[in-house]
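Here is a short report for a reader who is new to this structure. Start with the sequence and the 3D view, then read on.

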Amino acid sequence: MPGPRRRILILGVGSLAQGLSQVLLSRSKMFTDLVGLIAQDDSEVGDRVVGTKIVGTFNQLLSVVERDRVDTIAVCLEDRRAVLPVQALLELKGMGIDIWDGHHLYEEESGRLPINDFKPSAIIFSREFNQGIVIRTIKRSLDLSISLVGLVVALPLMVVIGILIKLDSPGPVLYQQVRVGLRAQPYMIWKFRSMFTDAEKGGARWTSEKDPRISRVGWYLRKWRLDEIPQLINVIRGEMSLVGPRPERPVFVQELRSVIPYYDLRHTVRPGITGWAQTQFRYGASAEDSHVKLQYDLYYVKYLSLQLDLRILVETIRVILLGEGAR
C-alpha cells in the first residue's frame, strides 16, 4: 500500500525549480502534492510558473509551511550562498520537515539527472559515478555467462530469422556498424539486418517513424527487438554489457557532444543491449530526444548497481512484450 503522499514546497523559481515542478505535476497525486513555489521577490507572489503558483517569499517560509501543512522542502536555488534562508531552514529541520537538495529530489522523482542545472563541481567531487571493482567483476561475469547461454538457446531462432531476412530482401543476414563504446573507443556492433542494403546511400540519418528504409521483416525484428540478438557476441567479446547506455554512431556522437553538456560521461561504462533510457523513454530520433535520454543514461551511470540492472532487465521484458518505442 502506498504511504501518505508528500506535500512538497519548492524554494526558488529558476530553471531547476521549474523542471522539478513539471516532474512533480506529471506524477500521480496519490504520491505527491505540489504546494507551490517560494520566491525571493514580493512582486512575484501570486504569479504562476509552469502551472505552479508562487505562494510566498523567503521571509514567509515558516508561515507558508505551517499554513499549507508542508512536510518536504526542495531547495532549488542557483546561488545559495547569497540568498539561502539558513536560519528558517534550520528551524524547520528541527521541526521534522524534510529538507531536500533540489537536484536529488529531481533525480528521485524522475529517474534522470537535470544536466542543464548541474555545475561541473557536482560531478567532479561526486562520490558516485564510480563503479567499484566488485560490482564491475560480478557484472562482467554475469554478462559473460548469460550471453553464452543466451546464444545457445537463441540459435534456432537466429537460424529462422536469417532465413526470413534472405527471403524478404537481397543482402547479408548480419551487418556490422561502427559504434562508440567504453572510454569513447570505436568498435563494430553486430545486428540482424533490418533495412534495405542501400538504406544509407544518402548518408547517415536518424531513424524516423514508418521509415521507408526498413524492410518488412525488419519492421517486426525492430518491434520485438530481435535484431539486437547478435549483440550477445559483442557482450562476450567485452565490447558491450547486457545493461548500459545504448551506443551511438561516431557521426552522431560528434554532433551530440558539442551541444549536450557532460555527454561523454556515458562512455565511462560499457554500452548495453538495453538500458535505463530505453525502458523509461521513447525511441530517440533527434538531438532533443538524445538530450533527455542522456539524463536517464547519467542517472544509470551515477547509481549503477546490480539491483538497478535487474530492474532494467525486468522492464525490458515489459517493453518488448508491449512493443513500445520501436522504430
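## A buried glycine

G56 is buried, with a relative accessible area of 0%. The model is predicted. G56 sits in strand 4, which spans residues 52-57. Which residues does G56 touch, leaving out those up to four places away in sequence? They are L37, I38, A39, V45 and V64. S43 lies 13 residues from G56 in sequence. In space, the C-alpha atoms of G56 and S43 are 9.9 Å apart.

## The nonpolar cores

In soluble globular proteins, nonpolar side chains tend to be buried together. Here, the largest nonpolar core holds 43 residues. Which of its residues touch the most other members? They are L113, F192, I229, W276 and Y300. Helix 12, residues 287-302, gives the most to this core, with 6 residues.

Take I229 from that group. Beyond its neighbours within four places in sequence, I229 is in contact with A154, L157, M158, I161 and F192. A second core is separate and has 17 residues. V55, F58, V75 and L92 are among them.

| Helix pair | Angle | Axis distance |
|---|---|---|
| Helix 7 (residues 133-168) and helix 8 (residues 216-223) | about 145° | 8 Å apart |
| Helix 1 (residues 15-26) and helix 5 (residues 102-110) | roughly 25° | within 10 Å |

Begin with helix 7 and helix 8. Their axes are 8 Å apart, at an angle of about 145°. Helix 7 brings I161, L164, I165 and D168 to the contact. Helix 8 brings R216, V217 and L221. By class, this contact has 5 nonpolar, no polar and 2 charged residues. I161 of helix 7 takes part here, and I161 is also in contact with I229.

Now turn to helix 1 and helix 5. How are they oriented, roughly parallel or roughly antiparallel? Their axes cross at roughly 25°. Angles under 35 degrees count as roughly parallel, so helix 1 is roughly parallel to helix 5. The crossing of helix 1 and helix 5 is left-handed.

Which residues make this contact? From helix 1 come L16, G19, L20, V23 and L24. From helix 5 come G102, H103, L105, Y106, E109 and S110. By class, the contact of helix 1 with helix 5 has 6 nonpolar, 4 polar and 1 charged residues.

Note on methods. Residues numbered from 1 in each chain as written. Predicted model: local features only at pLDDT ≥ 70, side-chain atom pairs only at ≥ 80, totals over all residues. Heavy atoms only, no water. Core = buried A, V, L, I, M, F, W, Y, C linked by side-chain atoms within 4.5 Å. Buried < 20%, exposed > 50% of the residue type's maximum accessible area, 1.4 Å probe, protein only. Helix = DSSP H or I, 4+ residues; strand = E, 2+ residues; numbered from the N terminus. Contact = heavy atoms within 4.5 Å. Axes fitted to C-alpha atoms, helices over the stretch in contact; angles between N-to-C directions. Nonpolar A, V, L, I, M, F, W, Y, C, P; charged D, E, K, R; others polar. Parallel < 35°, antiparallel > 145°, perpendicular 65-115°, else oblique. Left-handed = near helix turned anticlockwise from the far one by under 90°.
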